[in-house]
Amino acid sequence: MAQFLLQALLALTFWIGSGSSTRYNAGDHVPLFVNKVGPLHNPSETYQYYDLPFCRPEPVIEKQETLGEVLNGDRFMSSLYDLKFKEDKTDSVLCHKRLTSSEVARFRDTIAQDFYFQMYYDDLPLWGFVGKVERDYSVHGGEENAKYYLFSHLSFNVLYNADEVIGIQSLSVPSYLIDISENAEVDVQFTYSISWNLSSERSETRMDKYSQASFHPISKKIQYFSFLNSISVVVLVVGLLSLLFMRHLKNELRSSNGDEEEKREVGWKLIQSDVFRCPRNISLLCAFLGTGAQMLILIIALFALAFTGFLYPYNRGTLLTSLVIVYTLTSVVAGYTSASFHSHFEGTKQRRSVRLAGILYTVPFFITVSVLNTVAITYGATAALPFGTIVIIILIYTLLNIPFLMLGGVLGNRFGLSEFQPPSAIKRNPREIPTQNWYRRKLYQMFLGGLVPFSAVALEWHQLYATLWGFKIYTSPGIMLFSFIVLILLSASVGVILTYIQLSGEDHEWWWRSFLCGGFAAMFMYGYGVLFYLRSDMTGFLQLSFYLGYTALFCYALFLVLGTISFLASWMFIRHIYRSVKLE
């Protein structure tokens with residue numbers, strides 16, 4: 001069984017795409033694969049290239065995609081472009097086509113939606129627009145008069161160094177325009193040109209230009225301002241509040257040696273026999289902690305891959321493939337953490353928390369993806385997963401994720417945390433919780449626990465949404481990592497402070513609230529995502545459903561991570577203060 005799991009993982013790692021170049025001799029054929037087309041402002045709405053009546057070879061040969069490429073919606077197919085290494089061409093004829101009125105209407109509709117196309121040449125991406133619209137408001141009493149033009153010529157500019165392709169750009173020449181404003185048949189001759197130019201750039205750095213494409217001065221100013229904003233929030237919230245909070249706490253600890261009347265003034269000392277009482281649904285809470293720990297390790301692993309240069313923009317599904325592999329491997333973490341904490345809190349070895357950890361994220365994920373896949377199939381978009389890919393994902397989860405999860409559960413039960421011994425005996429009947437002030441109530445604390453961490457990373461969050469759902473390439477993993485660390489520190493600090501405020505009100509039911517207060521920042525992130533969509537140019541039900549669905553899954557993962565961080569920080573804080581009381 002272990003040998004099978006190892007072989008399956010090794011096979012999975014070979015499904016990762018590569019951005020490395022190939023060596024060619026002069027005159028060698030360098031394949032150009034067409035990929036997909038779609039509206040510029042709807043990144044999830046893409047269709048196969050030959051869904052539009054472009055020139056197509058007979059037969060069309062489909063390139064074998066990796067798992068990540070299929071998940072990314074890539075569909076590579078052969079083309080009629082003959083771009084040989086170091087051979088210039090001028091006005092080469094690709095094909096002659098007589099477009100029917102329905103095909104003209106199809107092209108006109110895509111041009112009105114700003115459709116672009118994507119191709120790959122020696123693993124290098126290139127883009128271009130299908131056509132353009134010219135609008136004239138000076139005729140017919142100010143009414144709009146639109147002219148639709150189809151680009152019939154592509155000009156390729158290729159850079160090379162010795163025997164390797166370094167870069168490529170495509171340009172739609174404005175002098176080659178076909179007017180398709182009328183619903184009539186049109187004869188079109190599609191042509192192309194290619195020019196080769198020597199470059200001193202090395203092939204190892206040929207992908208850097210794609211990472212730097214959108215890193216203009218405005219982006220730098222936004223990132224620097226975001227950096228200063230995060231620092232300011234950390235200093236004000238963590239620094240000042242922690243200083244006052246710790247000074248007040250030390251005074252309360254010193255008061256333990258005072259008289260009995262002075263002790264009663266400190267509310268959190270009165271509930272030391274109830275504060276370690278396990279809450280309801282402890283198995284579910286341990287499952288949340290296990291899944292949150294898994295997501296935290298997954299994010300750290302992705303940062304490590306980004307810093308090593310393994311992940312970079314347009315690396316054809318490598319990010320999604322890495323997510324599948326890392327999520328599979330970190331299932332051990334989910335099983336181990338959930339079982340270990342369950343043994344720590346209750347002293348019993350139950351499998352229920354491990355089973356719950358296996359479905360807390362995967363069940364919402366599979367339900368959401370199934371609904372979105374149905375929508376994509378209805379639209380005929382490339383985001384629709386083929387049946388074979390769905391079978392592969394199910395097999396990976398069944399044959400790899402579940403065994404790794406069970407393995408982690410076994411390790412957690414045997415080698416995890418030992419049973420916790422509270423500083424004082426737990427009473428049989430829980431202490432009655434007095435009426436709380438407004439600032440100690442659950443909803444207010446959840447709101448505050450989410451608002452403070454989110455306010456420190458709001459600007460970076462905008463950049464992240466622009467990267468995920470737009471064409472701005474986020475090129476600074478260092479600043480993103482800094483923002484993530486700030487988010488963790490603030491979630492932990494604010495979680496501890498809110499837990500202290502809750503305990504001071506003699507409310508000992510802190511377990512679930514500490515988790516919810518930390519995770520509530522994800523609700524602000526999702527709310528900002530809705531605002532981002534409303535202010536964007538994205539349109540259509542397909543894009544709306546994909547945006548809301550995948551943003552919800554992303555924010556849910558962060559909810560688990562931040563909730564786990566807040567709970568663990570509160571748990572360590574509570575153990576510290578009550579042990580200090582016992583020692584004094």
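A crossing of two helices is termed left-handed if the near helix is turned anticlockwise from the far one by less than a right angle, and right-handed if clockwise. The model is predicted, so local features need pLDDT of at least 70 and side-chain atom pairs count only at pLDDT 80 or more, while totals for chains, interfaces and linings use all residues. Residues are numbered from 1 along each chain as its sequence is written, and side-chain values use heavy atoms, with hydrogens and water left out.

Helix α9 passes α12 in a right-handed crossing. Helices here are DSSP runs (H or I, at least four residues) and strands likewise (E, at least two), numbered from the N terminus. Helix α9 spans residues 331–346 and α12 residues 387–415; they pack at about 35 degrees, with axes 6 Å apart. Axes are lines fitted to C-alpha atoms, for helices over the stretch in contact, and angles run from 0 to 180 degrees between N-to-C directions. Contact means heavy atoms within 4.5 Å, and among the residues of α9 that meet α12 are G335, Y336 and A339.

Charged side chains supply a further set of links. A salt bridge requires a side-chain nitrogen of Lys or Arg within 4 Å of a carboxyl oxygen of Asp or Glu; the count comes to 12. R23 pairs with D163, the closest N and O atoms being 3.0 Å apart. E164 also bridges to R23, at 3.8 Å. Because E164 lies in strand β9 and R23 in the loop between α1 and β1, this pair ties together parts 141 residues apart in sequence.
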